[in-house]
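Open the model in your viewer and keep a selection panel at hand. The stops below go one selection at a time.

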Amino acid sequence: MYAYDELDRTLINERVSEFRDQVKRRLSGELTEDEFKMLRLQNGVYLQLHAYMFRVAIPYGTLSSKQLRALARVGRRYDRGYGHFTTRQNIQFNWIKLAELPDALADLAEVGIHAMQTSGNNMRNVTSDQWAGVAPGEVEDPRIWSEILRQHTTLHPEFSFLPRKFKIAITASEHDRAAIKVHDIGLRLYKNAEGETGFEVLVGGGLGRTPFIGKTIKPFVHGRDILSYVEAILRVYNQYGRRDNIYKARIKILVHELGIEKFAREVDDEWKQMGDVGLTLDHSVIEEVRSRFSYPAYEKLPHMPDELKQAAHDPLFERWRRNSVFPHKVQGYSIVTLSLKPVGAPPGDATSDQMDAVADLADRYSFGEIRVGHEQNLCLPHVAKRDLPQLWKALDRIGLATPNVNLVTDIIACPGLDYCSLANARSIPIAQELTRRFANHDTAELIGRLHINISGCINACGHHHVGHIGILGVEKNGEEYYQITIGGRADEGAQMGTLIGPAIPYAEVADVIEDIVEAYLALRDRPEELFVDAVKRLGVEPFKERVYATR
Amino acid sequence: MVTANRTWDGVVIYRTAQQGWSANLSDAVIVRTSDEARTLLGEATADDVGAIGPYIAPVELKDGGEIKPGNLREHIRSEGLTIDLLPVPA
């Protein structure tokens with residue numbers, strides 16, 4: 001956990017007071033909506049179809065049990081008893097009243113949570129690997145660097161009015177769980193041949209209307225220079241990014257139009273010109289931030305405790321353990337993913353009661369710490385293996401032990417037309433129907449790892465481009481239709497999926513996905529060949545033929 | 001009709017014939033020409049304190065004068081979510 005200092009607490013509390021005054025002036029008519037809109041957006045407040053939506057940041061996906069209880073309280077007191085975890089380590093409340101928002105923000109400020117820069121054309125929540133600090137083989141905890149960037153870019157005047165929103169993700173593992181290649185800036189922490197810690201810097205990735213995989217702009221930037229280098233990128237973007245056309249305003253368009261070589265030269269020139277502007281990170285500064293992260297006092301525990309051996313006889317426990325429990329860097333401990341994808345429920349939703357219960361379980365079994373991943377699941381990062389059977393039973397009682405992590409029903413979905421004012425089509429009902437179609441866990445395990453991502457419009461909040469199967473909702477003559485892509489992936493081998501053919505109507509989507517999965521099962525060359533690998537080997541044609549031959 | 005969201009709580013509202021707002025679609029004033037629609041939108045937009053984001057939306061008039069939303073988006077705004085939520089204790 002990261003302990004906020006007095007400066008952070010003052011900043012958050014001042015922001016609540018400011019926003020309280022702004023809301024008061026808006027409700028009295030002193031501020032028009034045009035004047036107020038930018039102010040509310042900078043505090044994570046959108047207007048959606050039915051109500052205001054309130055987006056709260058969970059920096060690098062780390063929450064304490066106390067913070068999770070505060071989120072539960074906001075859901076219960078100001079909303080309808082639930083919240084929605086997003087693909088960028090945020091939580092959204094869908095039914096909040098503007099008049100009550102300052103109180104909700106004040107409640108969150110008490111536990112060091114805020115909504116600053118969760119919207120608007122500024123630096124958004126700096127995200128990271130949900131296994132940060134506990135993943136085996138990790139170079140070091142990437143959250144230290146996320147926190148340094150968070151501090152530097154929060155309310156930074158130069159970056160508060162960028163051409164468009166800006167998203168950074170950081171990973172320090174070989175396997176990328178933070179989707180860094182589809183961010184405006186992706187940072188991969190590693191040690192070079194000299195043993196120095198630094199970053200491969202990628203730029204210009206992103207999804208939405210014009211998707212791009214990020215390109216490497218610098219193979220190695222020393223850790224001490226990362227702040228100044230990121231600042232140089234932002235300065236070039238600030239200067240040349242398109243402000244005249246919202247669809248061309250993201251940095252990915254600038255990088256694409258200039259070409260990565262020219263863009264890199266511009267950044268290098270800026271970086272040199274900046275000289276020493278006090279952004280070189282002194283060792284003591286890095287260590288100061290590092291020291292504010294606390295880590296559990298792990299016990300010395302056996303690799304295979306008796307409790308686990310006994311529980312292994314229970315096939316239901318074993319099924320859950322196989323796909324929800326992951327290796328930890330410390331012997332005797334595990335990382336446990338809590339699926340927020342029960343059959344028939346909206347992906348990523350959790351009730352306030354579930355949040356409270358998870359907070360209690362985190363206190364009992366995970367040193368009071370919870371993580372949020374971009375796949376819209378939660379995670380307990382420090383669970384002793386001996387406690388796994390008890391934890392499983394407790395999770396099952398609150399509906400959070402669905403054994404489907406990384407399987408076909410572990411679907412990423414945006415809120416879609418049920419909530420979102422930008423959407424053209426619904427996402428959640430498609431996800432719900434698919435979870436019912438593939439509800440049989442034996443079938444899901446037989447299929448193996450398969451990520452389905454669903455977006456209700458081209459803005460791609462459901463990351464459909466990088467789903468193994470991507471589903472994009474479009475509107476045709478007033479009806480909901482869906483384009484299907486296959487072969488996308490968001491990890492270290494990130495790539496965009498390929499469109500298989502014409503869009504299909506709402507009622508046929510689940511049938512089509514079943515057809516694609518059946519084709520895969522028939523075509524894979526061995527059970528271990530993942531869907532995405534089979535698509536790579538075979539191309540889209542066999543799947544396309546299966547889907548459209550009879551339609 | 002012209003619809004918007006109520007400023008203080010965001011609830012979906014409809015412009016009425018009395019130059020006010022109602023949360024019931026059945027209270028909405030229905031206009032039939034683009035000139036009428038523009039005039040209605042102008043009035044609605046002038047009420048910047050009470051409503052946010054007014055716009056013209058289609059309706060379907062059933063036999064007997066019942067007003068129904070004219071597209072899926074407005075149906076969802078009027079009738080609510082089309083999905084099953086996790087059960088939340090009352």
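Which residues of α16(A) meet which residues of α18(A)? Select Val512(A), Asp515(A), Ile516(A), Ala519(A) and Leu523(A) in α16(A), then Pro542(A), Phe543(A), Arg546(A) and Val547(A) in α18(A): these meet, a contact being two C-beta atoms, placed from the backbone, within 7 Å. The residues of this contact divide into seven nonpolar, no polar and two charged. Here Ala, Val, Leu, Ile, Met, Phe, Trp, Tyr, Cys and Pro count as nonpolar, Asp, Glu, Lys and Arg as charged, and the others, Gly among them, as polar.

A note on the source: this is a predicted model, in which local features need pLDDT of at least 70 and side-chain atom pairs count only at pLDDT 80 or more, while totals for chains, interfaces and linings use all residues. Residues are numbered from 1 along each chain as its sequence is written, and chains are lettered from A and ligands numbered from 1 in the order in which they are written.

Now show α16 (residues 509–523) and α18 (residues 541–548) of chain A as helices; their axes come within 9 Å and cross at roughly 135 degrees. Axes are lines fitted to C-alpha atoms, for helices over the stretch in contact, with angles from 0 to 180 degrees between N-to-C directions. The angle makes α16(A) oblique to α18(A), the word for angles that are not under 35 degrees (roughly parallel), over 145 (roughly antiparallel) or 65 to 115 (roughly perpendicular).

Next, select residues 65–78 of chain A, helix α3, which has 14 residues. Helices (H or I, at least four residues) and strands (E, at least two) are DSSP runs, numbered from the N terminus. The buried residues of α3(A) include Leu68(A), Arg69(A), Leu71(A) and Val74(A); buried means 20 or more other C-beta atoms within 10 Å of a residue's own, exposed 12 or fewer, and partly exposed in between, with C-beta atoms placed from the backbone.

Move to chain B, which has two helices and six strands, in the order β-β-β-α-β-β-β-α from the N terminus. Its C-alpha trace spans about 45 × 35 × 20 Å along the principal axes. Of its 90 residues, 29% count as buried.

Colour the interface: 24 residues of chain B are in contact with 29 residues of chain A. On the chain B side, the largest share, four residues, comes from α2(B).

Finish in that helix at His75(B). With 16 C-beta neighbours inside 10 Å, His75(B) counts as partly exposed.

Conventions: The expected span of a helix is 1.5 Å times one less than its number of residues.
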